[in-house]
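Have the sequence and the model open as you read.

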Amino acid sequence: IISGKKSYNKINGEKYLKNKINDNNIKIHYFFKKFKNPEITELKLIIEKIRKIKPNLIIAIGGGCAMDYAKSANVLAVEKKKINFDKQHNSSFCDLLCIPTTAGTGAEITPFAVLYVNRKKTNIEGVSVKPNFFYFEPGFIKYNNNYTIASSGFDSFSQAIESIISIKANKKSINYAKKSIKLTLTNLLKFYKKKKETHAKKLLIAANFSGKAISISNTGAPHALSYLFSSHFGLSHGHSVSLNTLKIIKFNHLNQNKSKLLKKRLQILYNCFNCKNYYQFEKKFSYIIKNI
């Protein structure tokens, strides 16, 4: 089990697993992370533990950091040489199951993981990085504080927005992104205020759709810039993304006449928000930011 100790205790993870695993012969080992963002020093400790205990299954229970640790360690534990960041990883140590405790990253479905090396963001990528299984437990999301709900919700939101205007987007990724935005728009503020499981479930699905979208299109400038805020100022990832998403959309709006494709994609984005133009979008987007 790879998790954060506070979040694992908060969801009563040990009792939860006992109810799910009825075989007394199964031995469970734990690694409780200490860092907020995935760091190379802690990742190496996880890799060492995997090689030592040789698990049949890794379960990541947590937010994006726990899942990224598990995804990276699972492919790097089979490597005999030093960590290679340029390589496409096509083999893994064992099966990986991700159970997200935040509704935001969509990391349970993506074929890449984020890692910080000397405060610089690096990607671990490849077909084997993608988890074998994921499982949603909406009740876990209710334990999030308001800051985490806002931050993770906005990460999902921004992933879908960036995916639509990405030059790598296609019909499939745009469809995933549109579904994600629709679910976020109708559930984020409601869940933030009332903490109902029905809204939590839909936000988990929204994050999953955004993860599927960026698996095809990748993210864009808001995400690229956000890692500097996270690594240097300790802000959560979603909070960091929220600082510049609207500025990037405005920049694209002011330069849309340079590209017919960009103009078309921006209109798709505005339509997702039931808006006719950038200024209506800006008003609606700012309202959401203000209220979370």
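This is a predicted model: local features need pLDDT of at least 70, side-chain atom pairs count only at pLDDT 80 or more; totals for chains, interfaces and linings use all residues.

Residues are numbered from 1 along each chain as its sequence is written, and side-chain values use heavy atoms, with hydrogens and water left out.

**The sheet**

Let's begin with the strands. Helices (H or I, at least four residues) and strands (E, at least two) are DSSP runs, numbered from the N terminus. Two strands pair if DSSP finds at least two bridges between them. Five strands form an open sheet in the order β2-β1-β3-β4-β7, with parallel pairing. β2 (31–33) and β7 (133–134) are the edge strands, each with a single partner, so one side of each has no neighbour in the sheet.

| Strand pair | Bridges | A residue pair |
|---|---|---|
| β1 and β2 | three bridges | Gly4 and Lys33 |
| β1 and β3 | two bridges | Ser3 and Ile61 |
| β3 and β4 | six bridges | Ile61 and Ile99 |

**Two pockets**

A pocket is an open set of points on a 1 Å grid over the protein atoms alone, where a 1.4 Å probe fits, with protein on both sides within 12 Å along at least five of seven lines; lining residues have an atom within 4 Å of a point. Its volume is the space filled by probe spheres set on the points, which are joined across faces, edges and corners.

The largest pocket has a volume of about 1,200 Å³. Of its 50 lining residues, the closest to the centre are Lys36, Gly63, Gly64, Cys65 and Thr102. α6 gives the largest share of that lining, six residues. By class, the lining has 15 nonpolar, 24 polar and eleven charged residues (Ala, Val, Leu, Ile, Met, Phe, Trp, Tyr, Cys and Pro count as nonpolar, Asp, Glu, Lys and Arg as charged, and the others, Gly among them, as polar).

The second largest pocket holds about 560 Å³. Ile1, Lys27, Leu57, Ile58 and Ile59 are the closest to its centre among 25 lining residues. This lining has 19 nonpolar, two polar and four charged residues, and α3 supplies its largest share, four residues.

**Core and loops**

The largest nonpolar core has 27 residues, and Ile161, Phe273 and Phe281 are among those with the most contacts inside it. Such a core is a set of buried Ala, Val, Leu, Ile, Met, Phe, Trp, Tyr and Cys residues joined through side-chain atoms within 4.5 Å. α6 provides its largest share, six residues.

Asn218, in the loop between α8 and α9, has a positive phi near 65° and is partly exposed at 30%. Asn274, in the loop between α12 and α13, has phi near 55° and is exposed at 68%.

Methods
Buried means under 20% relative accessible area, exposed over 50%, partly exposed in between (1.4 Å probe, protein chains only).
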